[in-house]
Amino acid sequence: MESTFVVNIIHRPEMVPEYAEKVTGQGKKEDIGRKALLTESLDIFRFQQETAHKNGLKTTIQMTYASLFNEEAVEIAKEHHEKYGDEISLSLLGLPCKEFREKYKTKDFCIWMFSMEDKKAIVDDVFGKFHDTFGFYPESTGSYYMDADLINYVKEAYPSVKCAVATCWEEGPKAYHTCNNSWYTFMDGGPWNPWIPSKQNTHAPAADESEDSGIVAIPHLSRDLLACYDGNGSNFGTHPQNVLRGMIYDSKTWEYPYLYNLIDQYRHLADYNNGYSYNMMFVGPGWLNKMGRWEAPYELLKKSYEDGMAYYGELKKEGKLLDLTMAEFADFYRDKKTYTEPECALWKDILYGSDKQLFWYADPYMRACVNMDQGGAIVDLRPYAAKLEWPVGIGTKHVTDASYPFLIQEKYRAGYFTHYAGEGTIRSAKLSHNGEEVDLALCRTKASFIQDGADRMLKLDPVEIVFADLTVKLETRIHFVEGSSEIRFEREISMSDPDADLTLNEYMVACYGTTEYSEDMTSLTLSVGDTTIPYEYKCRELFDEGAGTASAVIPPINTKVDFSCDAEDAKMYVKEGYAFSPMFTLGAEKKIKSGEVVSTWLKLQKVN
C-alpha cells in the first residue's frame, strides 16, 4: 500500500507571545506594548519562516489579532504568500494587545472561555480586522480549543473557513497539576489526529453529513500517545521545545533522537490508517525567546527548530512527505477519509525503553484505549455516540472544563491497581479455578493489528495463567467494527486438564466524569434481564442467567452502555457501587471449556 505522510507547519507572528512579556520585561512593570518585546517577536517569526523555506517547506501563517495592527508582520505575510505559497490564516490565539484589552477590559485570552456574546463579538472583530487588512476572509483559524458553539458560529458567519486547530490532546488534570495548578484549560478526551467535528461537540467526530460542522479539525500539537497519556503532554510532542522542556536530549551534544523517533512513529501510523499519516508543527515565537526557555539557552532552542525543519525537509526531498497548508489539508482530508472511518494507532514506548504498547481507536461513536501491559484491558473510554452538548465558557456550567466525559479512565478513576478497597475503572476479565482468581490485567502481552474490511482487530499474544493444579493458555482478539459503536472481545481457552472447572468473568467497571473527583451517581439506573434498580450507593448485585445483556443508563452524559455475551448459559450481572467506590459494574460469568471461544460485546448508545 502506498502511504502518504502529511505535515502542517504553522507559524504565528504573536506580537505578545505567551510567557514572553514576563521574561523580556523582567524587573519592569508589565507592558504588553513594550518595543523590545514586539521587535523580538517579529525577529523570531521571521527566523521560523526562513527556516521552513530554506528546507523547501510551505507554512500556514496564522495572523494573531495583535499582528494585524503591525505593518511589518502584515507585509511579511503578504510577501511569503506570494513568493512561497504560504497560506495567510487567522489565529484566535494571541488576542492580548493594547487594543484588545482597552476594548474588552479583561486579561482573558482563551477564546472558548468567554461568554457566547463576547465570543461572537471577538470573532467579528478579529475576522473584520483581517478582512480590512488583506481584502479577503481566511480559510483556516484555530485556538488551543474551539467549542462547538464557537465553530458553528465561525462557519455560519465566515463560510470560507474550512480548517481549524480545535483541541490540544490530553490537556486535562495531568497538565493542570504539572503547571502548579495554574493552567485552567481542561480539554481531555478528544482525537489525537485530524477529524471532522460534529455540530454538537467538538471532540466527537461527525457520523454523517447532518452532524458535520463544516470544518476539518486538526490537533494543537502532535503528541506522544503513550508518554503524554501517562504523564504531562506538554513534555512529549513534535514541537521541538516540548522535547527540550521534557529534557529529552543529550545536554553535552545537544542531540535529540527522540524527536525524530516521534515523527517516525507518526509516519508509521499509515500502517493502521489505509496508508495515511499526519503530523503537525506549531511553535509560537515565545518558545524561541532570546533569554532562553526552561533550562535551555536560546542557541539550543534555535538549533532544535532548525534540526526539526531540516528533518521534514529531507523527508520531502526523498518523496516521503507532503507539506500542505491548513486549507489544502482540509481538502485532502475530505477527499481521503469517510465519516465512519476510524483513526487507529498501535503505539509503542519510544522513550523509556519498556515494551509497553497502547492501542488508540477513535470514530464517531467512541474513543478507546487498550493497554497491552494490562492484558488488553480498556483503560480509557469516551462515549462519542452521545454527541454530548457541552457549552463552555462564562455563563455556562463549564467555564473552564471543555473535556469530553469518560466512562473509563485509569488515570483519574484508578485502573486495575487500586488502594485497599473499592475498584478502579477498567474493562477486563478474570479467570477462577478452585478458589483461585487471576485478573487478565496482571498479564502483560503484545498486540498485532489486522484490518479486514470494516473490522479492525487487535490480536493479542496468548498469555499463560498458572493455577495450583491447572495451566491455562488464553488468547484474546478485540474487534472494532466500523460504524457499529461496539467493541467485541473474543477469548479462546486451552487447558492442561480439558475437564477442569474454570470460570470466565468478563466485566466492565465504569463511572462518568472529567476529573479525579466523583460525580453524583444517583441519576443512574442499572438493569439485567427484567430487573432495573436506581443507583443508591447500596452495594447491591443482580444476576440473571440467560438474560443476554446487562445495561447502565447514565443520564448526565446521555449515554447507555450495553454489555452482552453470545453464550446462552452466561450469567449476566450488574453491581452497584458505594460512596467510597462510586462505580458500577456490568459483567458476564460462565463456565468455560478447553477449546471454547466466548464473545462479549460492549455497545454505546445515545439516550435523552
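Asp501 is partly exposed, because its relative accessible area is 41% and the band for that label runs between 20% and 50%. This is a predicted model. Asp501 forms a salt bridge with Lys591, and the closest N and O atoms are 3.0 Å apart. The pair links distant parts of the chain. Asp501 sits in the loop between strand E20 (486–495) and strand E21 (503–510). Lys591 belongs to strand E28 (residues 581–591), 90 residues apart from Asp501.

Side chains of opposite charge can pair when their charged atoms come close. How many salt bridges does a search of the whole structure find? The count is 42. One of them joins Asp125 to Lys103, with 2.9 Å between the closest N and O atoms. This pair also links distant parts of the chain, from Asp125 in helix H5 (residues 116–134) to Lys103 in helix H4 (residues 98–104). The two residues are 22 residues apart.

Glu255 and Lys303 also meet through their side chains, in a salt bridge of 3.5 Å, N to O. Glu255 lies in the loop between helix H9 (240–245) and helix H10 (257–268). Lys303 lies in helix H11 (residues 298–317), 48 residues apart from Glu255. Glu255 counts as partly exposed, because its relative accessibility is 37%. Elsewhere, salt bridges build a network: Glu475, Arg477, Arg488, Glu490 and Glu492 are linked in this way.

Is Thr64 buried or exposed? Thr64 counts as buried, because its relative accessibility is 0%. Leaving aside neighbours within four places in sequence, Thr64 is in contact with residues including Arg12, Pro13, Glu14 and Met15. Ser91, Leu93 and Gly94 are also among its contacts.

Tyr65 lies in the loop between E2 and H3 as well. Tyr65 is buried, because its relative accessible area is 7%. Tyr65 and Phe69 form an edge-to-face aromatic pair, 5.1 Å centre to centre, with 90 degrees between the planes. Phe69 is partly exposed, with a relative accessible area of 35%. The rings of Tyr65 and Phe100 have centres 6.2 Å apart and planes at 75 degrees, so this pair is edge-to-face. Phe100 is in helix H4, 35 residues apart from Tyr65. Both Tyr65 and Phe100 are buried. Tyr65, Phe69, Phe100, Tyr104 and Phe114 form one aromatic cluster.

Now the sheet. Three strands form an open sheet with parallel pairing, in the order E4-E5-E6. Strand E4 (140–142) and strand E6 (216–219) stand at the edges. Each has a single partner strand, so one side of each is left without a neighbour in the sheet. From one strand to the next, the twist averages 30 degrees. Strand E5 (residues 163–167) is joined to E6 by four bridges. Ala164 has Ala217 in E6 as its bridge partner. Helix H12 (residues 326–336) lies across E4, E5 and E6, and runs at about 115 degrees to E6.

The largest nonpolar core holds 198 residues. Which of them touch the most other members? They are Met63, Phe329, Phe359, Leu381 and Phe584. Leaving aside neighbours within four places in sequence, Phe584 is in contact with residues including Met508, Val509, Ala510 and Cys511. Among its other contacts are Met521, Leu524, Leu526, Tyr535 and Lys575.

How values were computed
Residues are numbered from 1 along each chain as its sequence is written. This is a predicted model: local features need pLDDT of at least 70, side-chain atom pairs count only at pLDDT 80 or more; totals for chains, interfaces and linings use all residues. Side-chain values use heavy atoms; hydrogens and water are left out. Buried means under 20% relative accessible area, exposed over 50%, partly exposed in between (1.4 Å probe, protein chains only). Contact means heavy atoms within 4.5 Å. A salt bridge is a side-chain nitrogen of Lys or Arg within 4 Å of a carboxyl oxygen of Asp or Glu. A nonpolar core is a set of buried Ala, Val, Leu, Ile, Met, Phe, Trp, Tyr and Cys residues joined through side-chain atoms within 4.5 Å. Two strands pair if DSSP finds at least two bridges between them. Axes are lines fitted to C-alpha atoms, for helices over the stretch in contact, and angles run from 0 to 180 degrees between N-to-C directions. Rings of Phe, Tyr and Trp (its six-membered ring) pair if their centres lie within 6.5 Å; planes under 30 degrees apart count as stacked, over 60 as edge-to-face and the rest as tilted.
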